[in-house]
Amino acid sequence: MNIINVNNLKKSYGTNNVLKGLNFQAKEGEVIGVIGKNGAGKSTFLEILMTIKQYDAGTVVLFNEELHSLSTARMEQIRQQISVVLQPTQFYKTLKVEELLKLFKSYYKSPLDIKTIIEDFKLTPHRKTYFDKLSGGWKQIVSLAIAFLSQPKLLILDEPTTGLDPHMRNILWSYITDYNNRTGGTVILTTHNMDEIELYCDKVMLINNGVNEQFDTTESILASGYKSINDFYLTKVSI
(Lines give C-alpha, C1' and ligand atoms only; values in the text may rest on other atoms or scores of the structure.)
Protein backbone atom coordinates (compact mmCIF):
# COMPACT_ATOMS: atom_id res chain seq x y z
CA MET A 1 0.00 0.00 0.00
CA ASN A 2 1.34 3.44 -0.99
CA ILE A 3 1.47 5.94 1.85
CA ILE A 4 2.87 8.63 -0.46
CA ASN A 5 1.85 9.48 -4.03
CA VAL A 6 3.42 12.50 -5.71
CA ASN A 7 2.47 13.42 -9.26
CA ASN A 8 3.86 16.18 -11.50
CA LEU A 9 5.16 18.16 -8.52
CA LYS A 10 6.37 21.67 -9.33
CA LYS A 11 8.00 24.31 -7.15
CA SER A 12 9.70 27.57 -8.10
CA TYR A 13 11.47 30.34 -6.23
CA GLY A 14 10.89 33.38 -8.39
CA THR A 15 12.32 32.48 -11.81
CA ASN A 16 14.22 29.48 -10.45
CA ASN A 17 12.24 26.35 -11.30
CA VAL A 18 13.50 23.86 -8.73
CA LEU A 19 11.02 21.01 -9.21
CA LYS A 20 9.69 20.68 -12.76
CA GLY A 21 7.30 17.75 -12.64
CA LEU A 22 8.55 15.21 -10.12
CA ASN A 23 6.79 11.86 -9.56
CA PHE A 24 7.29 9.67 -6.51
CA GLN A 25 5.64 6.81 -4.61
CA ALA A 26 6.48 5.12 -1.31
CA LYS A 27 5.00 2.02 0.28
CA GLU A 28 4.78 1.05 3.93
CA GLY A 29 8.08 -0.36 5.17
CA GLU A 30 10.28 0.94 2.37
CA VAL A 31 13.61 2.71 2.84
CA ILE A 32 14.10 5.12 -0.06
CA GLY A 33 17.19 7.19 -0.79
CA VAL A 34 16.94 10.50 -2.63
CA ILE A 35 20.14 11.56 -4.38
CA GLY A 36 21.28 14.39 -6.64
CA LYS A 37 23.74 17.22 -6.86
CA ASN A 38 23.64 20.13 -4.44
CA GLY A 39 20.81 22.41 -5.52
CA ALA A 40 18.97 19.63 -7.38
CA GLY A 41 15.85 20.10 -5.24
CA LYS A 42 16.24 17.29 -2.70
CA SER A 43 15.69 19.46 0.37
CA THR A 44 12.76 21.27 -1.25
CA PHE A 45 11.14 17.92 -2.02
CA LEU A 46 11.60 16.72 1.57
CA GLU A 47 10.28 20.00 2.98
CA ILE A 48 7.12 19.56 0.92
CA LEU A 49 6.71 16.02 2.32
CA MET A 50 7.27 17.45 5.82
CA THR A 51 4.33 19.82 5.07
CA ILE A 52 6.46 22.87 5.92
CA LYS A 53 6.69 24.17 2.36
CA GLN A 54 3.91 24.87 -0.15
CA TYR A 55 4.12 23.62 -3.74
CA ASP A 56 2.98 25.39 -6.89
CA ALA A 57 1.40 22.58 -8.90
CA GLY A 58 0.85 18.84 -8.96
CA THR A 59 -0.52 16.58 -6.23
CA VAL A 60 0.99 15.31 -2.99
CA VAL A 61 -1.01 12.58 -1.26
CA LEU A 62 0.11 11.55 2.23
CA PHE A 63 -1.73 8.74 4.02
CA ASN A 64 -4.46 8.89 1.33
CA GLU A 65 -5.07 12.65 1.71
CA GLU A 66 -4.10 15.39 -0.74
CA LEU A 67 -2.26 18.12 1.14
CA HIS A 68 -3.74 21.10 -0.72
CA SER A 69 -7.26 20.07 0.26
CA LEU A 70 -6.65 19.70 4.01
CA SER A 71 -7.92 21.95 6.76
CA THR A 72 -5.44 23.37 9.25
CA ALA A 73 -6.63 20.91 11.91
CA ARG A 74 -6.32 17.91 9.62
CA MET A 75 -2.87 19.04 8.44
CA GLU A 76 -1.74 19.05 12.06
CA GLN A 77 -2.99 15.48 12.45
CA ILE A 78 -0.99 14.46 9.37
CA ARG A 79 2.13 16.11 10.80
CA GLN A 80 1.81 14.03 13.96
CA GLN A 81 2.49 10.93 11.86
CA ILE A 82 5.78 12.32 10.53
CA SER A 83 9.14 12.62 12.29
CA VAL A 84 12.18 14.42 10.92
CA VAL A 85 15.89 14.34 11.71
CA LEU A 86 17.88 17.17 10.14
CA GLN A 87 21.60 17.82 9.89
CA PRO A 88 22.94 19.56 11.88
CA THR A 89 20.68 19.11 14.89
CA GLN A 90 20.56 21.56 17.77
CA PHE A 91 18.48 21.34 20.93
CA TYR A 92 18.41 23.23 24.22
CA LYS A 93 22.02 23.48 25.39
CA THR A 94 21.05 23.55 29.07
CA LEU A 95 19.13 20.24 29.00
CA LYS A 96 20.56 16.79 29.59
CA VAL A 97 19.74 13.83 27.34
CA GLU A 98 17.19 12.34 29.72
CA GLU A 99 15.56 15.74 30.23
CA LEU A 100 15.26 16.22 26.47
CA LEU A 101 13.59 12.84 26.04
CA LYS A 102 11.12 13.61 28.82
CA LEU A 103 10.36 17.02 27.31
CA PHE A 104 9.60 15.61 23.86
CA LYS A 105 7.67 12.69 25.35
CA SER A 106 5.33 15.29 26.85
CA TYR A 107 5.07 17.14 23.51
CA TYR A 108 4.18 13.95 21.64
CA LYS A 109 2.06 12.49 24.46
CA SER A 110 4.06 9.35 23.75
CA PRO A 111 3.19 6.08 25.54
CA LEU A 112 6.79 4.91 25.21
CA ASP A 113 8.82 4.47 28.36
CA ILE A 114 11.86 6.79 28.59
CA LYS A 115 13.94 4.11 30.32
CA THR A 116 13.25 1.71 27.44
CA ILE A 117 14.20 4.35 24.84
CA ILE A 118 17.44 5.08 26.69
CA GLU A 119 18.29 1.38 26.77
CA ASP A 120 17.26 0.74 23.15
CA PHE A 121 19.50 3.55 21.91
CA LYS A 122 22.40 2.68 24.26
CA LEU A 123 22.12 6.12 25.86
CA THR A 124 22.57 5.03 29.50
CA PRO A 125 26.17 6.38 29.72
CA HIS A 126 24.98 9.71 28.29
CA ARG A 127 21.64 10.17 30.04
CA LYS A 128 23.02 12.84 32.40
CA THR A 129 25.17 14.53 29.74
CA TYR A 130 24.19 17.95 28.43
CA PHE A 131 23.17 17.65 24.78
CA ASP A 132 25.62 20.36 23.76
CA LYS A 133 28.51 18.28 25.17
CA LEU A 134 27.79 15.19 23.07
CA SER A 135 29.78 14.27 19.96
CA GLY A 136 28.13 14.80 16.59
CA GLY A 137 27.33 11.11 16.31
CA TRP A 138 25.62 10.88 19.68
CA LYS A 139 23.69 14.07 18.97
CA GLN A 140 22.25 12.38 15.88
CA ILE A 141 21.39 9.25 17.87
CA VAL A 142 19.58 11.35 20.49
CA SER A 143 17.75 13.13 17.65
CA LEU A 144 16.72 9.75 16.24
CA ALA A 145 15.52 8.59 19.67
CA ILE A 146 13.41 11.76 19.96
CA ALA A 147 11.99 11.18 16.47
CA PHE A 148 10.92 7.65 17.47
CA LEU A 149 9.00 8.91 20.50
CA SER A 150 6.06 9.87 18.30
CA GLN A 151 5.98 6.37 16.72
CA PRO A 152 5.87 7.93 13.23
CA LYS A 153 4.52 6.27 10.10
CA LEU A 154 6.99 8.32 8.06
CA LEU A 155 10.57 9.11 9.09
CA ILE A 156 12.42 11.73 7.01
CA LEU A 157 16.20 12.02 7.36
CA ASP A 158 18.15 14.83 5.71
CA GLU A 159 21.79 13.73 5.39
CA PRO A 160 21.69 12.00 8.80
CA THR A 161 25.29 10.70 8.76
CA THR A 162 27.09 13.82 7.51
CA GLY A 163 30.35 14.26 9.41
CA LEU A 164 30.12 10.94 11.27
CA ASP A 165 32.94 8.42 11.38
CA PRO A 166 32.27 4.91 9.97
CA HIS A 167 31.62 3.45 13.44
CA MET A 168 28.93 6.02 14.31
CA ARG A 169 27.44 5.75 10.83
CA ASN A 170 27.06 2.01 11.36
CA ILE A 171 25.43 2.51 14.78
CA LEU A 172 22.99 5.09 13.42
CA TRP A 173 21.99 2.85 10.54
CA SER A 174 21.46 -0.09 12.87
CA TYR A 175 18.83 1.99 14.70
CA ILE A 176 17.21 3.15 11.46
CA THR A 177 16.90 -0.38 10.06
CA ASP A 178 15.69 -1.72 13.41
CA TYR A 179 12.94 0.94 13.45
CA ASN A 180 11.97 -0.03 9.92
CA ASN A 181 11.87 -3.76 10.72
CA ARG A 182 9.95 -3.40 14.00
CA THR A 183 7.34 -0.88 12.95
CA GLY A 184 6.96 -1.23 9.20
CA GLY A 185 7.44 2.51 9.01
CA THR A 186 8.60 4.23 5.85
CA VAL A 187 12.00 5.97 5.74
CA ILE A 188 12.96 8.61 3.17
CA LEU A 189 16.44 10.09 3.31
CA THR A 190 18.94 12.18 1.43
CA THR A 191 22.62 11.37 1.53
CA HIS A 192 25.82 11.92 -0.43
CA ASN A 193 27.16 8.56 0.82
CA MET A 194 26.32 6.23 -2.06
CA ASP A 195 27.45 3.17 -0.12
CA GLU A 196 24.57 3.81 2.31
CA ILE A 197 22.12 3.79 -0.58
CA GLU A 198 23.52 0.49 -1.79
CA LEU A 199 23.63 -1.16 1.64
CA TYR A 200 20.39 0.01 3.23
CA CYS A 201 17.89 1.39 0.71
CA ASP A 202 15.20 -0.57 -1.11
CA LYS A 203 14.85 2.09 -3.79
CA VAL A 204 16.73 5.15 -4.99
CA MET A 205 15.44 8.27 -6.71
CA LEU A 206 17.84 10.49 -8.63
CA ILE A 207 16.67 14.08 -8.93
CA ASN A 208 18.32 15.78 -11.90
CA ASN A 209 17.28 19.07 -13.48
CA GLY A 210 14.12 19.21 -11.36
CA VAL A 211 12.69 15.79 -12.23
CA ASN A 212 13.16 12.23 -11.03
CA GLU A 213 15.52 11.08 -13.79
CA GLN A 214 15.47 7.55 -12.40
CA PHE A 215 13.46 5.90 -9.65
CA ASP A 216 14.05 2.17 -9.21
CA THR A 217 15.16 -0.53 -6.82
CA THR A 218 18.86 -0.62 -6.03
CA GLU A 219 18.95 -4.22 -7.30
CA SER A 220 17.55 -3.23 -10.71
CA ILE A 221 20.01 -0.37 -11.07
CA LEU A 222 22.98 -2.60 -10.24
CA ALA A 223 21.65 -5.36 -12.51
CA SER A 224 21.58 -2.92 -15.44
CA GLY A 225 25.38 -2.89 -15.62
CA TYR A 226 26.60 -0.37 -13.05
CA LYS A 227 29.41 -1.48 -10.76
CA SER A 228 27.90 0.35 -7.80
CA ILE A 229 25.35 3.01 -6.93
CA ASN A 230 28.24 5.47 -6.87
CA ASP A 231 29.10 4.47 -10.46
CA PHE A 232 25.44 4.96 -11.42
CA TYR A 233 25.34 8.39 -9.76
CA LEU A 234 28.55 9.68 -11.33
CA THR A 235 27.48 8.47 -14.77
CA LYS A 236 24.10 10.20 -14.53
CA VAL A 237 25.15 13.52 -13.04
CA SER A 238 28.03 13.94 -15.49
CA ILE A 239 25.65 13.93 -18.47
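Visitor: Which residues of S7 are buried on one side, and which on the other?
Guide: This is a predicted model, in which local features need pLDDT of at least 70, side-chain atom pairs count only at pLDDT 80 or more, and totals for chains, interfaces and linings use all residues. Residues are numbered from 1 along each chain as its sequence is written, and side-chain values use heavy atoms, leaving out hydrogens and water. Helices (H or I, at least four residues) and strands (E, at least two) are DSSP runs numbered from the N terminus, while buried stands for under 20% relative accessible area, exposed for over 50% and partly exposed for what lies in between (1.4 Å probe, protein chains only). Both faces of S7 are covered, with Leu154, Ile156 and Asp158 buried on one side, and on the other Leu155 and Leu157.

Visitor: In what order do the strands of the open sheet stand?
Guide: The sheet has 6 strands with mixed pairing, where two strands pair if DSSP finds at least two bridges between them. Its edge strands, S6 and strand S10 (211-217), each pair on one side only. Neighbouring strands of this sheet are turned against each other by 15° on average, direction ignored. Read across the sheet, the order is S6-S7-S8-S3-S9-S10.

Visitor: How many bridges join S7 to S8?
Guide: S7 and strand S8 (residues 186-190) run parallel. Leucine 154 has threonine 186 as its bridge partner, leucine 155 stands opposite valine 187, and aspartate 158 stands opposite threonine 190. The number of bridges joining S7 to S8 is 5.

Visitor: Which residue stands opposite leucine 155 in the pairing of S6 with S7?
Guide: S6 and S7 run parallel and are joined by 4 bridges. Within this pairing, the residue opposite leucine 155 is serine 83.

Visitor: Which residue in S8 stands opposite isoleucine 32?
Guide: S3 and S8 run parallel, joined by 4 bridges. S8 is mostly covered, with 5 of its 5 residues buried, and Ile188 lies on one side of the strand together with Thr186 and Thr190, whereas Val187 and Leu189 lie on the other. The residue opposite isoleucine 32 is isoleucine 188.

Visitor: What angle does the direction of H6 make with that of S8?
Guide: S7, H6 and S8 make a right-handed β-α-β unit, right-handed in the sense that, with the strands pointing away from the viewer, the path from the first strand over the helix to the second runs clockwise. H6 packs on the sheet, touching strand S3 (31-35), S7 and S8, and contact here stands for heavy atoms within 4.5 Å. Axes are lines fitted to C-alpha atoms, for helices over the stretch in contact, with angles running from 0 to 180 degrees between N-to-C directions. The angle between the directions of H6 and S8 is about 150°.

Visitor: How far apart are the C-alpha atoms of threonine 190 and proline 160?
Guide: Threonine 190 is found in S8 and counts as buried because its relative accessibility is 1%. Leaving aside residues up to four places away in sequence, threonine 190 touches Val34, Lys42, Leu46, Leu157, Asp158, Glu159 and Pro160. Threonine 190 and proline 160 are 30 residues apart along the chain, and their C-alpha atoms are separated by 7.9 Å.

Visitor: Which residues touch the most other members of the largest nonpolar core?
Guide: A nonpolar core is a set of buried Ala, Val, Leu, Ile, Met, Phe, Trp, Tyr and Cys residues joined through side-chain atoms within 4.5 Å. Among the 45 residues of the largest one, those touching the most other members are Leu101, Phe121, Leu123, Ile141 and Leu144.
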